Each structure stands twice: as C-alpha cells, then as structure tokens.
Amino acid sequence: MSLAASTRWRQPSILPGFGLAFGTTLTALCLIVLIPLTALMLRAAGAGWADIVAIASSPRTLAALRLSFGAALIAALVNTVFGLLIAWILVRYEFPGRRLIDAAVDLPFALPTAVAGISLSAIYAPNGWVGSFANQLGFQIAYTPLGVMVALIFIGLPFVVRSVQPVLAESERSIEEAAALLGASRLRTVFRVILPAVAPAVLTGFVLAFARAVGEYGSVIFIAGNIPMVSEIAPLLIVIKLEQFDYAGAAVIGMMMLIVSFVMILVLNLVQAWGRERLGHV
Amino acid sequence: MSDITFAPRAPDQEISGESLLTRLVLIACALVFLGLFLFLPLISVFAEAFKRGWEAYLAALADPDAASAIWLTLYVAAIAVPFNIIVGVAAAWAVAKFEFKGKSLLVSLIDLPFSVSPVVAGLSYMLLFGAQGYFGPWLKAHDLAIVFAVPGIVIATIFVTFPFVARELIPHMQALGTDDEEAALTLGASAWRTFFTITLPNVKWSLLYGVLLCNARAMGEFGAVAVVSGKIRGVTTTIPTQIEILYNEYNGAAAFALASLLAALALVTLVLKTFLEWRYADAIAASTHR
C-alpha cells in the first residue's frame, strides 16, 4: 500500500538516496527559510486589521514604499536600455577590452553591497569625482532620491545583460540579412526582427533587476541620506522600526515586501512561460 | 545574373549591420555608462583606501576591532558555506536524479531567498529569536542567544546564500542524466562509492563555481547580518557591518581600507569565475547567474 502510494508520488528509480537527499533539503529549507518567513506572516497578521491598515497607510510608510518602487522601476528601465546595449556590443562587435568588460559586468554580483554603497556615495557626493560636476550643473546626486537610483542601477546592472546575451548570441544572423535584402532599413530590422526575438529575455532581466532593487538595502543607505519622507527606502524603515522595538510595525512592512517578492516570482514564471511558448527557449 | 550582382561583395563585408560610426557611438555609450556605474566605484575603493598612504592603510587593518571583524567574517563563512554545500548537493541529487510531484515548487522554494530582501530575512529571525520573538523568552530562560550573537549571523548568512550551490548543480546534473550512476550500481558499487567516485567528480567544476559565488556573498552580506547582529563592536561585527560603523563615524579611510579587502575578494572571485567559465564552459550551465 505504501509502496503504491510512493510510486504514485515519484517515479521508481534504481538510484538510492532519494529519501536522505529530499529529507535533508526539506528540513534545511523549513528551518532556514520557511519557518522564519511564516513567523513574519503570523506576526504581521497578529497585529490585527486596524493596525495593519494604520501602519501600511501611514504617510512615512507610503513615502518609503513609493521611493523603493519608483526608484527600482526607473533603475530597472535604465538597466534595460543599457543592458541591451551592453549585451549587443559584447555579442556583435569586436573591440579591444571586450573580454575584460564581459567579465566585469558581473562585478555588482561579486562586490559586497556595503562596499558599493560607500564607494558610490564617495563618487557621487557633492565633493566627489562625479558629484562635483553635477554640483556645477546645479543639482545634487548623493543624499537625494537620485542617489538611491544610482545605487539601484549599480546593483541591477548585470541582470538584463546576462539574460539577453545568450539569446543574442544564438540568434540567426541570416534572418537579419534576409530582412536587409528584402529592403528593410537597419533601424526597421532592429525594431521588427531583433527586438521581438529578444523581448522575453529582456523582460526576464527587467523583472530580476526590479525585484532585486526593491529589496536592496546595503548599497542604498550610504548614498541616500535617509531623510524621512524624502530619501528613506522601505527596507530602511523596517530597520528603524526594529531599532525602536516596534516589531509589529516592522513585521507589517516586511510582509508587504514579502508579498511583492512572491508576486515577482509569479511574474517571472509567467514571462518565462511566455518566452518558451514564443521562442522555445529563455 | 545573381552571381554577378553579388560577386563584388568582399567576403568579410556584412549584408546587414551598422556603419562604423554607429558602432563606435554605441560602444562609446556603453563604455561611458560602465565607466560611471562600474569601473569608477571599483577604482574609488582602492583610491580612497590608499589616500593616506600604506601606513595608515595597514594601521586601519591592524585595529583590534577590524581584526576581530575579519576573523568573524571568515568564521561565519567557514560554517555557512559548508552547510550550503551539503544541502545544495542533497537538493541537486533529489531534484536532478529523480522525478517526483511538486518538483518545480521545491525548486522555486530553494530559489526563494534570492527574491526576498535581506532585511526581511533578518527581520524574520528577529521575530523568531529576538527578545519579543516567539522563542525569545525560552532562549532567555535557558541563557541562550541567537540574535545579537554569532549564531544569528551564521543563520542569516545561510539564508541569503541558500540557493547558490543548488542552482549551479541542478542544471548540470540534469544534463548528465543517470546512466553513469546506474552503471556503477549495476556493477556492484555501493551508493556512497557511486556518489563519491562518479557523481561528485562529474560535477566538480560547477560545484566549485557555485561555492565561489556562495562564498563571495557569504563574506559580503550586509543587510541580513546588520539586522540580526546588533552590531556590537568587536563582538558581532563582520567586515561589512564594521565598514558601516567606521563610515558613520566619519572614519572614511579606515572604512575604505576594510572595503578594499572585500573589493579584492570580489576581483579574485571574478577572475576565478571567468577562468571556470572559459575552461569548463560545458560543465557550467548557461543559466542567468544571479
């Protein structure tokens, strides 16, 4: 009976160790990831509807969420445009230093966020290498919402490049040549032939960059200036509430961010399903 | 006729493509963007670290708090990375070698820590193990501490680095299939012997790749660690949290000196990663690495 049940659940195999491997994975997953995140949900739900609504709709929370989402959206859009451009020149053009740049694109994955945060704020501060130029032009980057965007552009930079690059590398040049021979201008070929083919990969990279940017903390807090209502991001508000021992407040904002993470995972799966249906890969 | 029409075209001349000027402009745009957002930050870490010379740099690293932060970072990585290797290999074995219901859900759950803000992860542990947390009173009664102590830092680090090893191993193990293991078992090898002499050597390069990325993130994690550690100077500060403390004290030179260590680690990671990708491209899955 139990044998029949287990064969229905998983296909039989002569390989050993499924129970041990699956059990280890599930135990670690529950202890490290699932139980803590459930505790967060329970704690937030335990605050009661009235408190949840009060915390979620307080002006400071709304300002922080607006900044986190707005800056993440703009940063992801900037990274989409430049990510596409970088992927394009890396795949299609030959120029000195191409391999070095290809390797360097992953730097934001490897460089710890705190290091990125202090170096970005040093560069974009009013007395920094780039910040002093901006100052002469009459605007400030660091310690404003612009600074938040700069940090989010940095940490989201590799996502679009790395998701578009393999698709561009595999794309058939002959289709573009056919379009050119049929009389299409290069610009028309780019918009009607090349971009539609890489669209699912671009969208995947965009969603990944956005999801990462919404929850980013380390690189932002140094450059943001952290002025309440102006340049205070949602993760920082969680930290501030924790430091004030407002656990319920922290849990409610944390739960809102967690829900956003789940939505992002769902969107990502839909985008990838769309890509598979359209092109057979991604 | 058509031969005559196409004959003058030089073999290297492309039918479709951009003019030289367009190419140069596009490359220049990309390089300016990368310069502003990638290379300048990297250069500035080292420039700021050595601004006051070698002696100030070495003095900043020799500071007792800095030294203790370096040790704690190594200590935490030495526990978190092996833990994630064991779980990652187990997860990859279960997912890649067997067919069972709910597999894609399991894979999504393994990837979940990538999508969760590190601050939210830290917060979850505070709500479990903090003074006001579910297990807080019990831990206090038994004189145990998880948050504001080293165990909390270790668990938070395990959380944020949880998917790295499994992510690299699963596609590679799936591509390899189960033929080699089945042959070894049929010839009488034990399960563990099959694993250590067949499976592990087959995937060693993608395993190393995953470990490399896992380690870089473990040593550099800031958000989750900042929340659970309480940042007690000399006791629960890792390199990234010590950088924050120094920076907020306007001790930029010392902050950048410590930051340069992590930047050097990032560069070594990138070099090794590029080498592995170049040398063992077949073994390492061409998934989007994140």
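## Close-up views of a predicted two-chain model

View 1. B:Asp143 counts as exposed because its relative accessibility is 71%, and exposed here means over 50%. In this predicted model, B:Asp143 sits in the loop that runs between helix 7 (136-141) and helix 8 (150-161) of chain B. Although B:Asp143 is not a glycine, its phi is positive, at about 60°.

**View 2. A partly exposed lysine in another loop of chain B.** B:Lys231 is placed in the loop between helix 13 (223-229) and helix 14 (239-248) of chain B. This residue, which is not a glycine either, has a positive phi of about 50°. With a relative accessibility of 22%, B:Lys231 counts as partly exposed, because the value falls between the limits of 20% and 50%.

View 3. A:Glu232 belongs to the loop between helix 12 (218-224) and helix 13 (234-243) of chain A. Its relative accessibility is 2%, so A:Glu232 counts as buried, a word kept for values under 20%. The side chain of A:Glu232 makes a polar contact, at 2.7 Å, with the side chain of A:Arg60. When neighbours within four places in sequence are left aside, A:Glu232 is in contact with A:Arg60, A:Ala64, A:Leu67, A:Ile227, A:Leu237 and A:Ile240.

**View 4. The largest nonpolar core and A:Tyr124.** In soluble globular proteins, nonpolar side chains tend to be buried together. The largest nonpolar core of this model has 195 residues, and those with the most contacts inside it are A:Tyr124, A:Leu152, B:Phe159, B:Phe162 and B:Ile243. Apart from neighbours within four places in sequence, A:Tyr124 is in contact with residues of chain A, including A:Val130, A:Ile141, A:Val150 and A:Ile223, and with B:Leu36 and B:Phe37 of chain B.

View 5. Rolling a probe the size of a water molecule over the atoms shows where empty space is left. A search of the whole structure finds three cavities of 30 Å³ or more, and the largest cavity has a volume of about 100 Å³. Residues of both chains line the largest cavity, among them A:Ala211, A:Met257, A:Met264, B:Ser115 and B:Val120. Helix 11 (186-214) and helix 14 (247-279) of chain A each supply at least two residues of this lining, and the largest share, five residues, comes from helix 14 of chain A. Sorted by class, the lining has eight nonpolar residues, four polar residues and no charged residues.

Technical notes:
Residues are numbered from 1 along each chain as its sequence is written. Chains are lettered from A and ligands numbered from 1 in the order in which they are written. This is a predicted model: local features need pLDDT of at least 70, side-chain atom pairs count only at pLDDT 80 or more; totals for chains, interfaces and linings use all residues. Side-chain values use heavy atoms; hydrogens and water are left out. On a 1 Å grid over the protein atoms alone, a cavity is a set of points where a 1.4 Å probe fits but cannot get out, and a pocket is an open set with protein on both sides within 12 Å along at least five of seven lines; lining residues have an atom within 4 Å of a point. Grid points are joined across faces, edges and corners, and a volume is the space filled by probe spheres set on the points. Helices (H or I, at least four residues) and strands (E, at least two) are DSSP runs, numbered from the N terminus. Ala, Val, Leu, Ile, Met, Phe, Trp, Tyr, Cys and Pro count as nonpolar, Asp, Glu, Lys and Arg as charged, and the others, Gly among them, as polar. Buried means under 20% relative accessible area, exposed over 50%, partly exposed in between (1.4 Å probe, protein chains only). A polar contact is a pair of N or O atoms within 3.5 Å; within protein, one must be able to donate a hydrogen and the other to accept it, and residues adjacent in sequence count only if both atoms are side-chain atoms. Contact means heavy atoms within 4.5 Å. A nonpolar core is a set of buried Ala, Val, Leu, Ile, Met, Phe, Trp, Tyr and Cys residues joined through side-chain atoms within 4.5 Å.
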